[in-house]
Each structure stands twice: as C-alpha cells, then as structure tokens.
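Work through the exercises below with the model open. Try each task before reading its solution.

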Amino acid sequence: MSAVEIVEERRQGQGKLDKVRESAVSSALQAFAKIAPGEAMTESSNPAMVLGILVGNRGFFPDHLARSGRQEMIAALHAQGIKPILLGESDSKYGAVETRQEAARCAELFKKHREEIDGVVVTLPNFGDERAIAETLRMANLGVPVLMQATPDTPSKMTIRDRRDSFCGKMSACNNLAQYGIPYSLTTLHTEAPGSQQFRDDLEWFLAVCRVVKGLKRLRIGAIGARPAAFNTVRYSEKILESTGISVETLDLSEVMGRIGRLKDHDAAVVERLQAIRAYVSTNSIPEAALVKMAKLGAVIHNWMKETEVTISAIQCWTSLEEFFGVVPCTVMSMMSDSGLSSACEVDVAGVIGMHALQLASQTPSALLDWNNNYADDPDKAVCFHCSNLPKHFFKDVRMDFQEIIAGTVGKENTFGTCVGRVKSGPMSFARFSTNDSEGKMRGYVGEGEFTNDPLETFGGAGVVRIPGLQKLLRFICERGFEHHVAANFSSSASAVHEATTRYLDWDVHWHKADAPGC
C-alpha cells in the first residue's frame with residue numbers, strides 16, 4: 001500500500017471515528033451508571049493515556065534540534081491529553097538519549113513507570129543514535145507498542161547548522177530494533193512534524209493500538225453456563241487463550257440460579273437494577289415478573305464479575321435460561337455491552353474477544369452478530385442479525401420484546417427480554433478471532449464496511465451491511481472454517497486492531513481488503 005493510500009485510509013477512519021465517539025461514549029457511561037449503581041464510570045475516572053518518550057540524538061548532528069524537538073513532542077502530546085514520561089533536560093543532554101549511560105537512565109525511568117506506560121514514542125529530531133534507542137527499549141523491556149517518528153527537514157534549512165537527516169536516521173533505528181527483535185509501528189508518512197495534523201491522526205491511531213494490546217493482555221473473561229450442545233461452532237481452547245495471557249473464569253448456570261433464588265424482589269440491588277432496565281429500554285407490554293427476573297439475573301452476574309475481576313462475558317442462552325428460569329438474558333447483556341463490558345451469547349468466548357478488541361480501539365460499544373442472510377442480488381451486501389442482545393448504541397430505535405425464534409419451543413411467556421429494532425446506518429468495523437487448535441495459536445480476520453439504510457422487514461436486531469469484496473470475504477470465512485458469528489463496531493478501527501494483534505500479540509490475523517489479491 002502506498003503512503004497516499006495509508007494517509008487516506010487513516011484519515012477516513014479517524015474522521016468517522018470522531019463522529020461516533022462523543023455520543024457513543026456518553027450513552028455508554030450513562031448506561032453503566034445505571035447498571036452499576038455507586039460505581040459509575042465517568043470521563044474523569046478514565047485516566048489520561050501515558051506514553052514514554054525517547055528522544056534520539058547524535059552528537060555530530062545539530063543537537064539543538066534535540067532540545068527543540070523534545071519540546072515539540074511534549075506539546076503535541078499535551079495537546080491530545082496524553083501524559084508523557086521522559087528524561088528531564090538535567091538528566092541528559094537536552095533530555096535526549098545518545099550514550100549507553102543515558103540509555104540506561106531512560107530505561108530505569110521507564111521501568112519505574114512500567115504500570116503506567118501504555119506505549120513508547122521514539123522521536124528523531126535529528127539522525128539519532130540507533131544503538132542507544134535499541135538499548136533503551138531492550139533494557140526497559142516494557143512489552144508495549146512503539147511508534148517511530150522522524151521530523152522532516154526544511155528545504156531552506158539544510159546547512160550544517162540545521163539539517164536533521166532524521167529521514168535517514170529512522171531507517172537505521174528501525175534496522176536496529178529489527179535486529180534486537182523489538183516490534184515497532186510506523187507513522188503514515190516516513191517523516192512527520194510533531195505538530196502536524198498527520199501526526200495527530202497517527203498518534204490517535206497509535207493510542208488505539210496501545211489500548212488493544214494492553215486490554216487483551218491479562219484479559220479475564222467470564223464464561224457463564226455451558227456451550228449449547230447445538231453450537232459446536234463456538235468451541236475454543238482455553239489453553240491457547242491462557243498462553244496468550246487471556247484467562248477464562250467459569251460459572252455454572254446452577255450457581256446463577258442458586259444465587260438468584262436467594263434474592264428478594266425488594267432487595268436494593270434488584271430494585272436498582274429494575275430501575276436501570278426501565279430507563280434503558282421501552283418495556284411496554286412486558287410482564288412485571290419477567291422484568292424482576294431480568295433484574296435479579298443482572299445483579300447476580302454483575303456481582304460475580306466484580307468478585308472475580310472479570311472484564312467481559314459470554315453467556316449460555318439457548319435454551320436453559322428460557323426453560324428453567326423463564327426469560328432471555330438479552331437485555332442484561334445489551335446493557336453490559338453498551339457500557340463497554342462486552343457480552344456475547346452462546347458462550348462464544350472467542351467472539352467476545354473480537355467485541356472487546358473493537359471496543360478498546362474505538363472506545364464505543366460492540367455487538368456480536370450472525371452473518372445471516374444475503375440481501376437481494378447485491379454481492380457486496382448482507383443481513384447481519386441477532387435475536388437480540390445488541391447494545392442500544394446500535395439501534396435507530398429499540399424496544400424490549402420476546403424471542404420469536406424459540407418462543408414456539410419454550411413458550412412466549414418464557415422468552416421476554418430481547419432488544420429489538422433496526423440497526424442504524426454508519427461506518428462499521430468487524431472482527432472475528434478464534435483459537436487455531438492445530439497450530440496452537442490465535443487466528444482471525446478484520447475489515448471495514450458500513451451499515452446501510454436499505455429497507456428490511458424482519459424481527460430481532462438486524463441491519464444491512466455493505467462490505468466491498470464481500471464474496472471474497474465469505475469465501476475466506478468458509479475455506480478457513482471460521483464461525484458464523486462476527487463482532488461489529490460503529491467505527492473504522494480495523495487498522496489499529498490488526499496492528500495490535502499481528503505486530504504485538506503475534507496472532508495470525510487477515511485484514512480483508514476488496515482490492516487485495518487472493519482471499
């Protein structure tokens with residue numbers, strides 16, 4: 001891909017992301033406030049992201065550029081609300097790194113802030129010393145994403161006093177990092193000024209990469225109930241997940257039922273949850289008894305997730321909860337996903353990882369959908385559907401109803417609790433991850449498209465998607481044996497998720513592009 005194509009891709013993605021982020025984050029925070037009374041997530045509770053800054057310098061190049069370049073980078077980070085961790089000007093010459101001693105000093109600083117630092121930006125205001133850069137990152141051993149930035153030269157300032165040569169120095173630094181086995185990311189253009197719009201866009205992209213990497217490392221997933229017998233497609237390997245740092249905490253449905261049985265209708269947790277459900281979605285025509293059951297189910301799941309420090313969940317539905325408890329868990333799951341606590345049905349643990357990755361990248365809610373139907377005779381369009389537990393963020397309008405598919409089997413009165421409506425239009429990213437048991441590693445695919453306004457008369461939560469090259473993607477899914485579930489998110493964040501999972505987590509992830517050769 002050319003630099004021009006990368007620029008356009010990231011610019012379009014960032015523009016689309018900015019449009020959806022404000023309203024989505026606001027609604028998600030409000031929903032979480034209702035789901036977890038007394039533990040509301042607020043903007044002030046989201047700490048600023050922290051980046052380590054490594055300023056490169058090389059003695060026989062103009063070192064005054066290291067000083068001004070350091071200041072420019074600090075200003076660029078502060079402008080985007082990022083907290084920088086870097087050497088002070090009294091710690092080394094101009095606060096830059098050139099010698100091994102300065103590299104060790106910078107590494108110790110980074111190690112001191114290991115738990116804070118989300119990623120590292122290597123900035124080259126001049127050629128920089130490639131060895132010092134590589135040694136710093138090796139000694140710090142943070143295991144976080146690294147972004148390589150080089151400041152461009154100005155044609156009118158090419159004398160010995162002001163020529164940077166960072167254009168060349170970036171290649172040398174990258175060469176050394178490759179030798180040292182340290183993964184790194186690149187800016188869209190080879191050289192970008194810290195104060196430029198292009199670097200601001202790339203920094204936003206890099207922050208998304210950092211969030212995905214940090215969020216998927218040491219992730220804890222709650223698997224509530226057993227995999228439905230009819231859904232072999234959602235099988236996965238806990239051992240492969242554990243080898244990547246992802247742990248699965250299990251809870252049997254009998255334990256859920258037992259804890260629900262101890263709750264009274266007037267318990268504070270139940271009353272608060274019931275109020276939250278009514279505030280979240282229209283519940284007209286839904287029996288009170290069903291709503292109380294949902295409130296108890298939500299209270300039990302929330303308390304268990306808090307006790308076990310579980311971040312996201314996958315829950316058994318078909319058809320145990322309906323037959324033996326009398327409601328579907330869809331609204332409870334919708335509320336969790338809308339708050340950023342992604343929740344997938346049919347105990348699709350691998351599926352909820354895709355939801356979480358997209359949510360980390362975009363900071364907006366994700367949903368899990370079926371690739372469900374063709375749309376007329378358009379080869380690039382399909383219907384995505386679920387019963388549904390989609391987050392409210394996904395809908396044009398939404399109401400609570402009953403689950404039409406299984407009502408005929410277990411009775412309508414046992415299937416109240418779905419969130420139904422038409423999915424709104426807008427840019428979307430999709431992701432699917434799985435455990436590759438034959439090779440012992442993670443695999444998946446990502447891509448982008450859009451939800452459209454094409455007419456659709458059906459039930460559940462459904463929308464029409466348009467994905468360029470969809471037939472090629474469907475062939476890839478079928479040939480590789482991927483699941484029928486896919487995570488979706490109203491954003492353009494496939495690039496960040498792909499970068500995080502392939503470059504830093506070493507997953508085998510395909511990026512679907514309509515014009516790419518092969519599948």
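Predicted model: local features only at pLDDT ≥ 70, side-chain atom pairs only at ≥ 80, totals over all residues.

Residues are numbered from 1 along each chain as its sequence is written, and side-chain values use heavy atoms, with hydrogens and water left out.

**Exercise 1. Describe how helix 6 and helix 13 pack.**

Step 1: locate them. Helix 6 covers residues 197–216 and helix 13 covers residues 349–362. Helices are DSSP runs (H or I, at least four residues) and strands likewise (E, at least two), numbered from the N terminus.

Step 2: take the geometry. The angle is about 140 degrees, and the axes are 8 Å apart. Axes are lines fitted to C-alpha atoms over the stretch in contact, and angles run from 0 to 180 degrees between N-to-C directions.

Step 3: list the contacts (heavy atoms within 4.5 Å). Helix 6 brings Ala 208, Arg 211, Val 212, Gly 215 and Leu 216. Helix 13 brings Ile 353, His 356, Ala 357, Leu 360 and Ala 361.

Step 4: sort them. The contact has 7 nonpolar, 2 polar and 1 charged residues. Here Ala, Val, Leu, Ile, Met, Phe, Trp, Tyr, Cys and Pro count as nonpolar, Asp, Glu, Lys and Arg as charged, and the others, Gly among them, as polar.

**Exercise 2. Is Gln 316 buried or exposed, and which residues does Gln 316 contact?**

Step 1: Gln 316 sits in the loop between strand 8 (312–315) and helix 11 (320–324).

Step 2: check accessibility. Gln 316 is buried because its relative accessibility is 9%. Buried means under 20% relative accessible area, exposed over 50%, partly exposed in between (1.4 Å probe, protein chains only).

Step 3: find partners. Beyond neighbours within four places in sequence, Gln 316 contacts residues including Ile 224, Leu 253 and Val 347.

**Exercise 3. How are the rings of Phe 61 and Phe 127 arranged?**

Step 1: apply the rule. Rings of Phe, Tyr and Trp (its six-membered ring) pair if their centres lie within 6.5 Å; planes under 30 degrees apart are stacked, over 60 edge-to-face, the rest tilted. The count is 12 aromatic pairs.

Step 2: classify. Phe 61 and Phe 127 are stacked, at 5.2 Å centre to centre with 10 degrees between the planes.
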